[in-house]
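Keep the viewer open while reading.

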Amino acid sequence: RHTMYKLDDLKYPYDALEPIIDKQTMELHHGKHHQAYVNNLNNAIEGLDLKANTIEELLKDLKQVPEAKRQAVINNGGGHYNHTLFWESMTPGGAKEPQGDLKKAIDETFGDFEKMKDLFEKAGAGQFGSGWAWLVLEDGKLKITSTANQDAPISKGQIPLLGNDVWEHAYYLKYQNRRPEYLKAWWNVVNWDVVTKRYKENLS
C-alpha cells in the first residue's frame, strides 16, 4: 500500500497575488490544473506496490515504477510536486529578496541578485514550449536550469529551491504571449523567506 496524494488548499486567497497573477488564473491553475495532476497521479499508481511514502521519494526513484506507468508518474507526479513548491514560494509577505547565507551564495555564484534574476528569466524565456525555470542546489552549489513539461529537478539529483511555471496556463489570461513580461513581474510575488528556509534545510 502507498499514499494516495491530495491537493492541499492554498495558504492564501486566490486573489492574494493580484495584480501580478490574477484571481481567475489562480482558480484555474490551482483548482483545475493542479487537481488534474493529482487525480492522474493517483490513477497511475493505483494498485502498484511502491516503496515511496512521499512524492519526493517517488520522483527520486522512478525505477520503482513499472515502465508502462513511469511517464504518467513523471508527468503527473512532477506536476503535483512542482506546483506544490510553486504555491509555497509565492506565499504573501516575507522577504522580497534573498537574505543571509543564501544572498551570499547567490552573490558568489552569479555576481549579484540582479544577475541571478536575469539568468533565471532567460532560462524561463528560452524554455521552448511548456516547462519551468529553476534555481536549484546541485552538489551543494547553486545553479539555474530549466526543465521541459513537468519534469522535476529532483529526478535528476537536484534540489529545487525556487521554480517558475512557464506553461501558458500559468500566465496566458493576463500576459498572453508576453512570457518575458510575466517572468519579470513574477519576482514581486516570490517569498524569499520560504526559499531561504529551503536552502538552509538542504545544505546540511
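This is a predicted model: local features need pLDDT of at least 70, side-chain atom pairs count only at pLDDT 80 or more, and totals for chains, interfaces and linings use all residues. Residues are numbered from 1 along each chain as its sequence is written, and side-chain values use heavy atoms, with hydrogens and water left out.

Q: Where is Gln127 found?
A: Helices (H or I, at least four residues) and strands (E, at least two) are DSSP runs, numbered from the N terminus. Helix α5 covers 113-126 and strand β1 covers 131-138. Gln127 sits in the loop between α5 and β1.

Q: Does Gln127 count as buried or exposed?
A: Buried means under 20% relative accessible area, exposed over 50%, and partly exposed in between (1.4 Å probe, protein chains only). Gln127 has 12% relative accessibility, so it counts as buried.

Q: Which residues does Gln127 touch, not counting those up to four places away in sequence?
A: Contact means heavy atoms within 4.5 Å. With residues up to four places away in sequence left out, Gln127 touches Trp132, Ser146, Thr147, Ala148, Val166 and Arg179.

Q: How many aromatic pairs are there?
A: Rings of Phe, Tyr and Trp (its six-membered ring) pair if their centres lie within 6.5 Å; planes under 30 degrees apart count as stacked, over 60 as edge-to-face and the rest as tilted. By this rule the count is 12 aromatic pairs.

Q: What is the geometry of the pair formed by Phe86 and Trp87?
A: A pair of aromatic rings is described by the distance of the centres and the angle of the planes. For Phe86 and Trp87 these are 5.3 Å and 50°. Both residues are buried. They belong to one aromatic cluster, which also includes Phe113 and Trp192. The pair is tilted.

Q: Where does α3 bend?
A: Helix α3 (residues 67-89) has 23 residues. Its expected span is 1.5 Å times one less than its number of residues. The helix reaches 32 Å from its first C-alpha to its last, close to the 33 Å expected. A bend is the angle between axes fitted to the seven residues ending at a position and the seven starting there, and α3 bends by about 35° at Val73.

Q: Which residues does Met90 touch, not counting those up to four places away in sequence?
A: A nonpolar core is a set of buried Ala, Val, Leu, Ile, Met, Phe, Trp, Tyr and Cys residues joined through side-chain atoms within 4.5 Å. The largest has 64 residues, and Met90 is among those with the most contacts inside it. Leaving out residues up to four places away in sequence, Met90 touches Tyr12, Leu17, Ile21, Trp186 and Val189.

Q: What is omega for the peptide bond from Glu18 to Pro19?
A: Most residues other than glycine have a negative phi, and most peptide bonds are trans. Pro19 lies in the segment before α1 (23-45). The bond from Glu18 to Pro19 is cis, with omega near -5°.

Q: What is the phi of Asn149?
A: Asn149 is in the loop between β2 (141-148) and β3 (159-165). At 40% relative accessibility, it counts as partly exposed. Its phi is positive, though it is not a glycine: near 50°.

Q: What separates the C-alpha atoms of Asp61 and Ser155?
A: Asp61 is in the loop between α2 (55-60) and α3. Its 23% relative accessibility makes it partly exposed. Asp61 and Ser155 are 94 residues apart along the chain, and their C-alpha separation is 7.2 Å.
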